[in-house]
Amino acid sequence: MSVLEVRDVDSGYGDMQVLHGMSLDLHEEEIVCMVGPNGAGKSTVLKTVFGLLEPWSGTIRLDGEDITGMAPEDLVRRGMAYVPQVDNVFPPLTVEENLRMGGVAREDPGPVIEELYERFPLLDEKRTAKAGSLSGGQQQLLALARALVVEPEVLLIDEPSAGLAPTIVDDVFEDVRKVNELGTAILMIEQNARAGLRISDRGYVLDQGSVEFEGNADTLLEDPKVAELYLGG
Ligand SMILES: Nc1ncnc2c1ncn2[C@@H]1O[C@H](COP(=O)(O)OP(=O)(O)OP(=O)(O)O)[C@@H](O)[C@H]1O
Ligand SMILES: [Mg+2]
């Protein structure tokens, strides 16, 4: 069953249309990876799903319920969380404060934050460190953990490996996998397309605001056309 369903969505900025009849599904317990060239509209898909951009037309459903045009705070209450591509932590705040900010929608985020410290000991060690003092990989982990404070059913992640050293990329993907294994369905964008698809169940290739290819991640990885056009050969 689809936890998230995007159907024929048009969207954009001002009068510039970016998404043209965009459709995708995220099923329970899946990791789905969106890949495609710069400017294809990948981030725009997540912003539209998360209610940061109003879709011009089309429908978005969460657990079968129409959420088209709903505000981010209402979506968080319904079990959705979003990790943006950039500026996804508050650098002057400590790790602990960042996690508490992630939990403003909860009555008492304390116990969940403690659980997250257990799952990610690195953050536990850095509770009182300013987020701005963490390495790129650690900040990405903090951003991920911050989104988890609301215990989302659906997690949207925009380029978790962006700007990270290749040695750390695998660690971040491993963290994404851990989150998925505990039952959160994940829709992720990855510039690092091969690596992203390798940890995913299914994938979508976006180009110029619509889906060019979709399928099982393995099938996409093995498709010579996809490889040539979108995975760097
Ligand atoms: N806030 C904005 N205002 C106006 N145009 C925007 C805005 N954000 C993105 N765009 C434009 O929308 C198009 C799609 O951008 P988007 O960020 O969705 O692409 P992307 O696939 O995420 O690219 P990248 O791989 O570089 O992150 C681009 O032409 C971009 O310049
Ligand atoms: Mg983007």
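Val89 counts as buried because it has 24 C-beta neighbours inside 10 Å. The cut-offs are 20 or more other C-beta atoms within 10 Å for buried, 12 or fewer for exposed, and partly exposed in between, with C-beta atoms placed from the backbone. This is a predicted model: local features need pLDDT of at least 70, side-chain atom pairs count only at pLDDT 80 or more, and totals for chains, interfaces and linings use all residues. Residues are numbered from 1 along each chain as its sequence is written, while chains are lettered from A and ligands numbered from 1 in the order in which they are written.

**Around Val89**
- Val89 sits in the loop between β6 (80-83) and α3 (95-102); helices (H or I, at least four residues) and strands (E, at least two) are DSSP runs, numbered from the N terminus.
- Leaving out residues up to four places away in sequence, Val89 touches Asn98, Ala131, Gln139, Leu142, Ala143 and Arg146 (contact: C-beta atoms, placed from the backbone, within 7 Å).

**The sheet**
- The order β2-β1-β4-β5 makes an open, antiparallel sheet of four strands (pairing: at least two DSSP bridges).
- β2 (16-27) and β5 (65-66) are the edges, each with a single partner strand, so one side of each has no neighbour in the sheet.
- Strand β4 (residues 57-62) pairs with β5 over two bridges.
- Arg61 stands opposite Asp66 in β5.

**Ligand 1**
- The residues around ligand 1 include Tyr13, Lys42 and Gln191 (near: C-beta atom, placed from the backbone, within 6 Å).
- Helix α1 gives the most to this shell, with three residues.

Notes:
Contact = placed C-beta atoms within 7 Å.
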